[in-house]
Amino acid sequence: MSTPEDEMTSTHERTAAGTPEGTATSPRNDTRDTHPRAHCAIDTDGRITFRLPPATTPEPRLLLRLRPKKGRPETTLHVLGLESDRGDGHRHAVLEPHPVLDEGRWDVFLLPEPGAERRRLRPGLRDLRTLVDGHLRERPSPVAVRIPYVTKDGFLALRAWRRTAHAEARAIGVEDRALTVTARLHGAALDEDATVRLRLRGTDTVRTLRPRADDDGRGFSFTAGPGDLTADGGGAGRIWDVFVRPTAEAPPIRVARLLDDVADRKHVHVYPAVEADGSTFRPYYTVDNDLAIEVT
């Protein structure tokens with residue numbers, strides 16, 4: 001569902017001086033722009049409240065559309081009623097935490113009335129302060145994440161993830177010719193036979209590492225060195241995707257970084273490369289915020 005044109009800088013980099021951390025304003029302020037504008041705020045439970053100007057039609061709706069893959073028709077829509085505020089006539093809609101949105105990118109539209117042409121929404125204020133320390137809260141299964149963000153062409157959208165369990169990457173250290181990753185499980189716990197799995201993209205090749213688990217069975221870390229990433233004569237152009245398997249029988253869980261206010265971090269969190277044994281390897285986040293290691 002990810003597209004390169006949606007890769008944005010972090011909320012912190014977009015926030016103007018004096019604006020509370022986790023809150024950003026729209027990047028555009030063109031008075032000739034006729035697209036309606038919506039403010040939004042998200043609470044600690046993942047509930048999103050949208051606020052729009054007073055409507056001129058009796059039954060306006062907010063329409064969320066799961067962006068289809070290129071060349072595919074749209075199949076998933078979610079419609080919310082817009083209620084009138086008693087004070088100033090502005091309209092608001094609430095997207096509750098349940099039902100959980102499908103994973104992907106959701107474009108946000110105003111539907112002025114049933115059967116009318118829908119209109120893309122520009123972003124107003126986005127209050128994302130509750131997301132900044134989201135990695136500190138334990139998440140039950142399924143792990144559902146939603147982040148309002150601004151597309152590259154200046155429209156309001158939501159980035160959603162829905163995973164049975166999730167391994168949140170915390171710190172990534174690049175030193176001593178090796179990578180050390182610290183992460184925490186949500187929706188699952190590590191057993192004694194837990195493993196970290198590095199899967200060479202596009203192949204069946206897997207490297208298995210032993211994680212160092214915290215006492216609570218949720219936090220863990222692992223170290224990958226040159227031998228884990230370049231064995232068997234593999235050369236440049238390799239990409240290893242990172243998973244953790246909490247038990248020998250459990251399915252692998254993707255290691256990613258989802259639990260904060262950054263919808264697209266590929267070009268936000270950039271790590272130095274490690275040179276060892278004639279190769280260079282570097283950790284990075286994919287367009288879906290999943291952790292991977294590139295060997296060049």
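User: How much accessible surface does the protein have, and what share belongs to carbon and sulfur atoms?
Analyst: The accessible surface is about 14300 Å², and 48% of that belongs to carbon and sulfur atoms. Those areas come from the Shrake-Rupley method with a 1.4 Å probe, and for residues only the protein chains shown count as cover. Bear in mind that this is a predicted model, where local features need pLDDT of at least 70, side-chain atom pairs count only at pLDDT 80 or more, and totals for chains, interfaces and linings use all residues. Residues are numbered from 1 along each chain as its sequence is written, and side-chain values use heavy atoms, with hydrogens and water left out.

User: Thanks! What percentage of the residues are buried?
Analyst: Of the 296 residues in the protein, 50% are buried. Buried means under 20% relative accessible area, exposed is over 50%, and partly exposed lies in between (1.4 Å probe, protein chains only).

User: And how many helices and strands are there?
Analyst: There are 2 helices and 23 strands. Both are DSSP runs numbered from the N terminus: helices are H or I with at least four residues, strands are E with at least two.

User: Let's zoom in on F281. Where is F281 found, and is F281 buried or exposed?
Analyst: F281 sits in strand β22, residues 279-285. Its relative accessible area is 0%, so F281 is buried.

User: Which residues does F281 touch?
Analyst: Leaving out residues up to four places away in sequence, its partners include R177, L179, A224, P226, L229, I293 and V295. A contact here means heavy atoms within 4.5 Å.

User: New topic: how many salt bridges does the count come to?
Analyst: The count comes to 27 salt bridges, each being a side-chain nitrogen of Lys or Arg within 4 Å of a carboxyl oxygen of Asp or Glu.

User: What about R51, which residue does R51 form a salt bridge with?
Analyst: R51 pairs with D85, and their closest N and O atoms are 3.2 Å apart. The pair links distant parts of the chain, 34 residues apart: R51 is in strand β3 (residues 48-52), while D85 is in the loop between β6 (83-84) and β7 (91-95).

User: Why does R51 count as partly exposed?
Analyst: Because its relative accessibility is 31%. D85, on the other hand, is buried at 18%.

User: Last one: which residues are linked in a network of salt bridges?
Analyst: That network links R65, R67, E74, D107, R118 and R120.
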